[in-house]
Amino acid sequence: MSQNVPENADMCFVCGIKNPIGLKIKFEATEDTCIGYFKANETHVGYDNTVHGGIIFSALDDVMANVLYLNNIKAHTAQCEIRYRKALEIDHEVRLIGKVTAKKRRLITLSGQAISTSTNDVIAECEAKFMTI
């Protein structure tokens, strides 16, 4: 599995190791899949100990992007649709999974899931299209 963070991603909000307010999620990727783990804290709240949907979206966008980036494929998110299935409370860990589902010229389609590590419930899932650069 690849664990190299591209040099220009050190300040990434999700995976950047130098971003002082970032999530600092570590990702591991194979050719078609990427996995990471995230546990939100009180600074990630939207309301009432529930993690803000934008934080969940960011983590899912990044796990999909890292399938590509950790395989040295430069791309950006062109479109993403997310479905929130359950609330995520702070201090509950999720496993983030990104997978390539289709490739067509410069457009790569990926799926993403955030799954509770304690209950195996799907917290959120998404599908995105990335355009290679």
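In which segment does Asn19 lie? Asn19 belongs to the segment before β1 (27–29), where helices (H or I, at least four residues) and strands (E, at least two) are DSSP runs numbered from the N terminus. The model is predicted, so that local features need pLDDT of at least 70 and side-chain atom pairs count only at pLDDT 80 or more, while totals for chains, interfaces and linings use all residues. Residues are numbered from 1 along each chain as its sequence is written, and side-chain values use heavy atoms, with hydrogens and water left out.

**Overall architecture**

The protein holds one helix and eight strands, and along the sequence these follow the order β-β-β-β-α-β-β-β-β. Its radius of gyration, taken over C-alpha atoms, is 14 Å, which agrees with the value near 14 Å for a compact globule of 133 residues; the globule rule is 2.2 Å times the number of residues to the power 0.38. Along the principal axes, the C-alpha atoms fill a box of roughly 45 × 30 × 25 Å.

Of the 133 residues, 39% count as buried, a class defined as under 20% relative accessible area, with exposed meaning over 50% and partly exposed in between (1.4 Å probe, protein chains only). Among contacts (heavy atoms within 4.5 Å) with a separation of 6 or more, 62% come from residues 24 or more positions apart. The accessible surface comes to about 7700 Å², and 47% of that area belongs to carbon and sulfur atoms; such areas come from the Shrake-Rupley method with a 1.4 Å probe, and for residues only the protein chains shown count as cover.

**Strand pairing around β6**

Strand β6 pairs with β2 and with β7, as listed below; two strands pair if DSSP finds at least two bridges between them.

| β2 (residues 33–39) and β6 (residues 93–104) | antiparallel | seven bridges | Thr33 with Lys99 |

β6 and β7 form a hairpin with two residues between them, and Arg105 in the turn has a positive phi of about 50°.

**The surroundings of Asn19**

Asn19 is buried, with a relative accessible area of 9%. Leaving aside neighbours within four places in sequence, Asn19 is in contact with Asp10, Met11, Cys12, Phe13 and Lys24. With regard to Met11, its backbone oxygen lies 2.9 Å from a polar atom of the Asn19 side chain.

How values were computed:
A polar contact is a pair of N or O atoms within 3.5 Å; within protein, one must be able to donate a hydrogen and the other to accept it, and residues adjacent in sequence count only if both atoms are side-chain atoms.
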